[in-house]
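User: I would like to learn how to read residue contacts and chain interfaces in a model. Please take one feature at a time.

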Amino acid sequence: MLALRVYSWFLVRRLGLTLLTLWGLATLVFIMIKMMPGDEAQMAAGADASAAQIEAVRERLGLDAPVILQYLGFLGRLLRLDLGTSIVTLQPVLSDLEKVLPSTLELVFFAMLINLAVAIPTGIVAAHRQGGIFDTICRVAAVMLGGMPAFWLALVLQYLLGSVWRVVPISGQSSFGMAAPVVTGAPVVDAIIALNGPALLDAVHHIILPAAVLAALFATQIFRTLRASLLGVLRSDFIMAIRAKGATAGRMLTRHALPNSLNPVLTLSGTQAGAMIGSAVLVETVFARQGIGAYMFNAVAQKDTFAVLGSVMFIGSVVCLVNLAVDIMQLLVDPRIRAAQLGSQSQ
Amino acid sequence: MTAPAITAPASRRRSYYSPFEIFVFALVALLLLAALFGPLVAPNSVYNSDIANSLMPPSAAHWFGTDDQGRDVFWRLIVGAQTTLLSAFLVVTLYSLIGVTVATVAAAGPRWLDEGLMRITDIGLALPGMIVALGFAAAMGPSLQSAVIAMAITGWPITARMLRGIMRQTMEAQFVAGAQVLGVSRWRLMTRHVLPNSLDVLIVKWAGDIGTTVLVLASLSFIGVGAQPPSAEWGATIAGARGFVSTAWWTVVAPGAAVAITSIAFGLLGDIIQVRRDPSLRGN
């Protein structure tokens, strides 16, 4: 009973914060629209719209009304999931983005897998032999990778691995004629649904390098956090007791030290999942992949400002919702956070 | 009898700074020199195209080769250093000012104002900063100026949140209680006593901030909402050279390496300053 009350209290507060953030985001996007130079109706209708079309848009967006009414109208349209219309595809921005979102989520999923699969083992080994050669190499690599622009890393690796050594495909999400029929829009998932082995291999082959590039930046953060956290745990008394009992180094690390140092890593990887969706804009376009980042990039290039701002609203909302989901999952996974919530409730 | 010498012999005196620290200082100093004086010493060919010499590989005459317009890549980087670093300094200064103002007003004002400002800060922290900055820059019309303004209005929440926390700690110090007893007004207490004694956190933070700002600025320019192509800004240079990566790799590799080196150098400078202030962090 008590646990249930704690959960619901946490959920109510966390949902409240999410709604507040979404409202703040909407307000920012409205300010952006008002900051646009020139006639808003002209921008929304496109450069070669007729005077009558522009007037129709002005009417529809209520641009003759006072700003406060325009703001309320804008919020109302958002509540009806209207993110505006693209002047390039002539489709609602939301329906454009919905089509490419699965592809981005798949990229982020693979990037997160690579991120954790690389950063956690290296973090453990580096902390175990603190100051050793491996530790030093990893720390230098983390500093270097952390300072590299993601889009540049993407371009250079694409050139080296894709066109010089030909280890991976240069770009796209599948080879010509290999793709499974589109069901979700995420190539790997589609290939699994179609039970098509070659298509699956092909799609994975195409996603590895983009996902690795996206992961690189984030892996340095996970590595540093886990290493610092492990170093703290390894100094504590219970580790010495475990070693004294005769546990091997491997068992001591994986069964005792690691579970006690994973908490900050979990928190960080949660925020990273959201940040990765935002960073996809830097990677997708280099590899000519579909996705919300590539959509936004093209909208910028074609001066489709309403599509850009619609994408900002969309990506911001997805990030908020992902963060909400991660927080709820953490609550379910980690008893210590439950305890903290219990404490804050009784205050 | 003379007093024994208390200094060690010159040969055994060790420098206060480690070789690594000196290396980082030198790197940052070089970057600053390039940014300050680069455009003054750069040859004219940086601005004029020379199609006959386009896409030449690195040589003695052109250390990093030439780009598609036949301009010297090395000297364009030096000229671009000014644009890039000046913009980054401007962004960090502007958002630090906003952050300091928000934190001070929150600390000095009534409780509802403090709560309100900190909730707004929370909203800012919860949103993906680069995407929101991208939106602002795209709305104002893509240009370097737009990108700088956009990053200034989206970058402040971390500073505000951090400084507000530090100011809260400072307010518990004895000298603050003393000033209160003497009847100093709340606003004056905050601006003259609490704020100056909390600001050193920003001194530690700024170098690392420059490093990340250089990265984000280059990213915005690459996406197309920052500096526009003829500019020598590094991100815009990479965007412009993108199509030549397979025929002339140096046109892409050099400006990206410049971004990476600058970002890493300022990041390391930030780490050094932090460890110097709090040696217990050493080794982590």
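**Contacts, interface and core**

Analyst: Start with a single residue and its contacts. In this predicted model, leaving aside residues up to four places away in sequence, Phe30(A) touches Tyr71(A) and Phe74(A).

User: In which helix does Phe30(A) lie?

Analyst: Phe30(A) belongs to helix α1 of chain A, residues 2-35.

User: Why does Phe30(A) count as partly exposed?

Analyst: A residue is buried at 20 or more C-beta neighbours within 10 Å and exposed at 12 or fewer. Phe30(A) has 18 inside 10 Å, so it counts as partly exposed.

User: Next, the interface. How many residues of chain A are in contact with chain B?

Analyst: On chain A there are 41, and they meet 38 residues of chain B. Elements giving two or more residues to the chain A side include α1, α9 (197-234) and α13 (305-333) of chain A.

User: What classes of residue make up the side of chain A that touches chain B?

Analyst: That side has 32 nonpolar and nine polar residues, with no charged ones.

User: How should I read a nonpolar core?

Analyst: In soluble globular proteins, nonpolar side chains tend to be buried together. Here the largest nonpolar core has 160 residues, and Leu214(A) and Leu134(B) have the most contacts inside it. The element that gives the most to this core is α9(A), with 17 residues.

User: Which residues does Leu134(B) touch, not counting residues up to four places away in sequence?

Analyst: Leu134(B) touches Val312(A) in chain A, and Leu220(B), Ile223(B) and Val225(B) in chain B.

Methods: Residues numbered from 1 in each chain as written. Chains lettered and ligands numbered in written order. Predicted model: local features only at pLDDT ≥ 70, side-chain atom pairs only at ≥ 80, totals over all residues. Helix = DSSP H or I, 4+ residues; strand = E, 2+ residues; numbered from the N terminus. Contact = placed C-beta atoms within 7 Å. Nonpolar A, V, L, I, M, F, W, Y, C, P; charged D, E, K, R; others polar. Core = buried A, V, L, I, M, F, W, Y, C linked by C-beta atoms within 7 Å.
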